[in-house]
Structure formats: C-alpha cells, structure tokens
Amino acid sequence: MSAPPVSSDDRFTDADRAWMARALQLAEHARDAEGEVPVGAVLVQGGVAIGEGWNRNITLSDPTAHAEIQALRAGGQAVANYRFPSSTLYVTLEPCTMCAMAMIHARVGRVVFGATDPKTGAAGSVFDTLVSPLHNHRVTVEGGLGADVASTMLREFFRARRQAPRVEGQA
C-alpha cells in the first residue's frame, strides 16, 4: 500500500501528516481487503503507534467495530491500560457520537480527523461531543488533515456500492 498524499496545511506537523497518511492506508485496507467503509485510525502516544484500526462492522457483524474503537482497543491491549491522556487519535473521518464518547472515557488528549461527517459528526459538524462542558474531559479537536483524500475515498466507495447489484444479506 502506498501512502496517499496528505495536505500541507501549516496547522499540522510533519508527524501529523505521516500518521494521517497511515490512517489513510488503513482506510484503503478496509475498502480493498474487507469491503468495509474506508475509515482508518491510528492511536499515537509518545510518538509511537500503540493502536491501529479500520472499520470492521460488516466483517465482525459488530455495529461498534468502527476504526476508532478498534484502535482504542488495540491501544489498551498494547499498554495494558484503558486511558490515554497524552495520546492523539488520527482518523480519516470525523468521529460519530459513539466513538467520541469512547475517546472521552479513554481520556484521549487530541483527535485529528480528515473528512467532516455532515450527518453524524460529533467533533463539530453536527454535535460538539468532544468539547462539551458537560463532560469531565475534553478532547482537543483538529479537523481537515487529509480531508480531500478521505472524502474522495468515501465518495467513490459509496458511489460504487450504489451502482453494484445488491446481494442478499449484504449491508
């Protein structure tokens, strides 16, 4: 898998761009290897990836198997803890409310996402879950890194799904 190009937006560091490129590779894997919605995530702590994930809802028959949840689970196993206060989670699509709440419970320090989700985004598009003053933890949110690549990947995936003949039992 080659790393897709990621934006040169000066709000982000070279490390941010490299981690988002990895998340985009994982999104490609979800699409190409598993036929899943192309979303990838990487959990980074201390400059090291401690967890990676991609959407696996269909593969695992699990509605909670979003890329972010997969990365958080892997991170927890890697460091034998369920809290990641100094971490950054890179994800190609704006997190939904379920994933945002998991990040709050895990005390993720920062989330960097690519494409916005105008239907269910919980990092500012529809909901502001990650920064709500109602929670005892707030996650720093930075969006738009790799947005063009992530948006194109998602748009092309759903266009192809709409044009493909429907198979019985397929989501």
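Two strands count as paired here if DSSP finds at least two bridges between them, and the views below show a predicted model.

View 1. Five strands make up an open sheet with mixed pairing, and their order across it is β2-β1-β3-β4-β5. Because β2 (48-54) and β5 (140-143) stand at the edges and each has a single partner strand, one side of each is left without a neighbour in the sheet. On average, and with direction ignored, neighbouring strands of this sheet are turned by 15 degrees against each other.

**View 2. The pairing of β4 with β5.** Strand β4 (residues 110-115) and β5 run parallel and are joined by four bridges. Within this pair, V112 stands opposite E142, a residue of β5.

**View 3. Helix α5 against the sheet.** Helix α5, which covers residues 147-163, lies across β3 (87-93) and β4, and the angle at which the helix runs to β4 is about 55 degrees.

**View 4. The packing of α1 with α5.** Two packed helices are described by the angle between their axes and the distance between the axes. For helix α1 (residues 14-34) and α5, the angle is about 5 degrees and the axes are 11 Å apart. Angles under 35 degrees count as roughly parallel, and α1 and α5 are therefore roughly parallel to each other. On the α1 side the contact is made by L24, A27, E28 and R31, while α5 contributes V149, A150, M153 and F157. Of the residues in this contact of α1 with α5, six are nonpolar, two are charged and none is polar.

Notes:
Residues are numbered from 1 along each chain as its sequence is written. This is a predicted model: local features need pLDDT of at least 70, side-chain atom pairs count only at pLDDT 80 or more; totals for chains, interfaces and linings use all residues. Side-chain values use heavy atoms; hydrogens and water are left out. Helices (H or I, at least four residues) and strands (E, at least two) are DSSP runs, numbered from the N terminus. Axes are lines fitted to C-alpha atoms, for helices over the stretch in contact, and angles run from 0 to 180 degrees between N-to-C directions. Contact means heavy atoms within 4.5 Å. Angles under 35 degrees count as roughly parallel, over 145 as roughly antiparallel, 65 to 115 as roughly perpendicular and the rest as oblique. Ala, Val, Leu, Ile, Met, Phe, Trp, Tyr, Cys and Pro count as nonpolar, Asp, Glu, Lys and Arg as charged, and the others, Gly among them, as polar.
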